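Here is a short report on one protein model.

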Amino acid sequence: MKSRYPALLLCALTILGNLSAWAEKPKPELIEVPVSIRYVAQSHWTEAEVLARFNNAAWIFRQSCGIQLNLQGVVRVEDPNLQDINGGFNDQGIKDKIALKESGPAAKGVTLLYVRKVYHEENTFPLVAQAYVLGDRRSPGNLYLEEFPRVQKAHGIAVLSEHYSTSHPQFATYFHSPNLTPYDVDAHELGHLLLNSTDHDKFPGNLMSINGAERTFKQGQCERMRTYHEREHVLKRQLEQDYSRYMRNSTRRLRARPW
Ligand SMILES: [Zn+2]
């Protein structure tokens, strides 16, 4: 009997040791990502709503991934020509998004544009939340290498039409996901921007799945988004080189846009 006690004591000490190691395990360092916001005046959007939405997205990113979204400023845009914008990829579409982003002080980081309507040369239905990212061989985007000089300033922008506003009377008709709040659309679009990908997760259970069943990101998505700044740096440098090469020797036809 006697010889058991040291073994039990050792066992208890080991458990305590493991518990304290677990408690002291440092949380991963917060990665900061700047986010700018523009919203249009003649719409259902209000400053209170876009701020509440930002806070919701910031909570999701911090809890899920240890990413701190840093708000760089909210600008209310009065310009009557920018209340509805072209969400497409033609010259007008690219011009509208950049003009709205460049309203007010320089927008830093990824940018969310809250507009009244988003019309689209390839879409007839009015509901649009869309993120714009440069694609390359390694990541699927909707802004293409072949058009790099024309589209590069639209990279890192997401638009949200007022149909996503909680004060829009038709909102309930459009939003059907029982586990998500209406605010979570913004976090999903930010996910596209930080992942630099237009892809959706095929399996339900995270914000990037097609039906967005949970208010979380998967570990792999978090790891990728936490390297956002490094990947952006490499991507832009790589695209510039790829584009020069493309101009020198390519006779390839433009790809069809996967819309
Ligand atoms: Zn999406």
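Leaving aside its neighbours within four places in sequence, which residues is Val159 in contact with? They are Ile85, Gly87, Lys97, Leu113, Val115, Val118, Val128, Ala129 and Gln130. Two residues are in contact if their C-beta atoms, placed from the backbone, lie within 7 Å.

This is a predicted model: local features need pLDDT of at least 70, side-chain atom pairs count only at pLDDT 80 or more, and totals for chains, interfaces and linings use all residues. Residues are numbered from 1 along each chain as its sequence is written.

**Overview**

The protein has eight helices and seven strands. Both are DSSP runs numbered from the N terminus: helices are H or I with at least four residues, strands are E with at least two. Of the 259 residues, 33% are buried. A residue is buried if 20 or more other C-beta atoms lie within 10 Å of its own, exposed if 12 or fewer, and partly exposed in between; C-beta atoms are placed from the backbone. Take the contacts between residues at least 6 apart in sequence: 72% of them join residues at least 24 apart.

**The sheet**

Five strands make an open, mixed sheet in the order β2-β1-β4-β7-β6. β2 (67–77) and β6 (129–132) are the edge strands; each has a single partner, so one side of each lacks a neighbour in the sheet. Neighbouring strands are turned by 20° against each other on average, direction ignored. Strands pair if DSSP finds at least two bridges between them.

| Strands | Sense | Bridges | Residues opposite |
|---|---|---|---|
| β1 and β2 | parallel | nine | Tyr39 and Arg76 |
| β6 and β7 | antiparallel | four | Gln130 and Val159 |

β7 is covered on both faces. Ile157 and Val159 are buried on one side, Ala158 and Leu160 on the other. In a regular strand the side chains alternate between the two faces of the sheet.

Helix α6 (residues 184–195) lies across β1, β4, β6 and β7. The helix runs at about 160° to β7. That angle is between N-to-C directions, on a scale from 0 to 180 degrees; the axes are lines fitted to C-alpha atoms, for helices over the stretch in contact.

The largest nonpolar core has 52 residues. Such a core is a set of buried Ala, Val, Leu, Ile, Met, Phe, Trp, Tyr and Cys residues joined through C-beta atoms within 7 Å. Ala57, Phe61, Leu113, Tyr114, Ala158 and Val159 have the most contacts inside this core. Helix α2 (residues 47–65) gives the most to it, with seven residues.

Which residues of α2 are buried? They are Val50, Arg53, Phe54, Ala57, Ala58, Ile60, Phe61, Ser64 and Cys65. Just after the helix, Gly66 takes a positive phi of about 65°.

**The loop between α6 and α7**

Asn196 lies in this loop. Its phi is near 50°, a positive value in a residue other than glycine. Asn196 counts as buried because it has 23 C-beta neighbours inside 10 Å. Leu207 is in the loop between α6 and α7 too. Leu207 has 25 such neighbours, so it counts as buried.
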